Structure formats: C-alpha cells, structure tokens
Amino acid sequence: MSVNQSKTTVLSWLLLSMTGVVASWASLIHDQFAFIYALPSLASAVMLMWIRRQPSFYAQPFYRTSWQVSIILVWLLIIPGCYFLATEL
C-alpha cells in the first residue's frame, strides 16, 4: 500500500473536509459566507476519489465508510452554498 492510500492519510483528508464544512457553516451563520471555505472539503473529496475507483479498497469497510463520509460532507456544503446563492438573488 502506498503512502497516499494509508488509513492515516485518509483520516487526514476527512479531517480537512470536516474543517471545511464547519468553516462554511460558521461563516454562513455569521453572515460572512465565502466559497473559499468550501475548498478544503472539495479538495478532500477529489483526493479520496481513488477509493471508489479501486474495487479492492472499496470492498474494505474502512475505506468504503470513509468514501461515504466524504460524500456526505460534500453534500453538507450544498446547503450553505444554495442558501447563500438564494439570498444573493
């Protein structure tokens, strides 16, 4: 297993993604939302795309759950983004 496919690396990307979600929601609550806060979560989702593409990893419960958590965190970004866009129109 290469370094970028280790469990520690996957957890680091998930932590970065969670940080982006928290920053996005906090900025929305304080009426200072900016799309830059969503970038860590989006970058993390892109960096974890290899899990879904490799069946041998996706079959393992840790990696499958990590992929699912990553996608859920990305979906959580849609709510503040849509709310911000709706208030701007």
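Q: What counts as a helix here, and what as a strand?
A: Helices are DSSP runs of H or I with at least four residues, and strands are runs of E with at least two, all numbered from the N terminus.

Q: Where does the model come from, and which residues get used?
A: It is predicted: local features need pLDDT of at least 70, side-chain atom pairs need 80 or more, and totals for chains, interfaces and linings use all residues. Residues are numbered from 1 along each chain as its sequence is written, and side-chain values use heavy atoms, leaving out hydrogens and water.

Q: How many helices and strands are in the protein?
A: Five helices and zero strands. Along the sequence that reads α-α-α-α-α.

Q: What box do the C-alpha atoms fill?
A: Roughly 45 × 20 × 15 Å, along the principal axes.

Q: And how much of the protein is buried?
A: 31% of its 89 residues. Buried is under 20% relative accessible area, exposed is over 50%, and partly exposed is in between, with a 1.4 Å probe and protein chains only.

Q: What share of the contacts comes from residues 24 or more positions apart?
A: Among contacts with a separation of 6 or more, 64%. A contact means heavy atoms within 4.5 Å.

Q: OK, α1. How many residues does it have?
A: α1 has 23 residues. From first C-alpha to last it reaches 33 Å, close to the 33 Å expected at 1.5 Å a residue. The expected span is 1.5 Å times one less than the number of residues.

Q: Which residues of α1 are buried?
A: Thr9, Val10, Leu14, Ser17, Gly20, Val21, Ser24, Ser27 and Leu28. Their cover includes α2, α3 and α5.

Q: At what angle do α1 and α5 pack?
A: About 15°, with the axes 10 Å apart. That makes α1 roughly parallel to α5. Here α1 is residues 7–29 and α5 is residues 61–88.

Q: How are the axes and angles defined?
A: Axes are lines fitted to C-alpha atoms, for helices over the stretch in contact, and angles run from 0 to 180 degrees between N-to-C directions. Under 35 degrees is roughly parallel, over 145 roughly antiparallel, 65 to 115 roughly perpendicular, and the rest oblique.

Q: Is the crossing of α1 and α5 left-handed or right-handed?
A: Left-handed. That is, the near helix is turned anticlockwise from the far one by less than a right angle; clockwise would be right-handed.

Q: Which residues of α1 and α5 meet?
A: The α1 side includes Leu14, Val21 and Trp25, and the α5 side includes Phe62, Leu73 and Tyr83. The contact divides into 16 nonpolar, five polar and one charged residue. Ala, Val, Leu, Ile, Met, Phe, Trp, Tyr, Cys and Pro count as nonpolar, Asp, Glu, Lys and Arg as charged, and the others, Gly among them, as polar.

Q: Next pair. At what angle do α1 and α2 pack?
A: About 150°, with axes 7 Å apart. That makes α1 roughly antiparallel to α2. The crossing is left-handed. Trp13, Leu16, Ser17, Gly20 and Val21 of α1 touch Pro40, Ser41, Ser44 and Met47 of α2. By class, that is five nonpolar, four polar and no charged residues.

Q: And at what angle do α2 and α5 cross?
A: Roughly 150°, and their axes come within 10 Å. α2 and α5 are therefore roughly antiparallel. Their crossing is left-handed. Ser41, Leu42 and Ala45 in α2 meet Trp67, Ser70, Val74 and Leu77 in α5. Those divide into five nonpolar, two polar and no charged.

Q: New topic: where is Asp31?
A: In the loop between α1 and α2. Just after α1, Asp31 takes a positive phi of about 55°, in a residue other than glycine.

Q: Is Asp31 buried or exposed?
A: Exposed, with a relative accessible area of 71%.

Q: Last one. Which helix is Phe57 found in?
A: Helix α4. Phe57 counts as buried because its relative accessibility is 11%.
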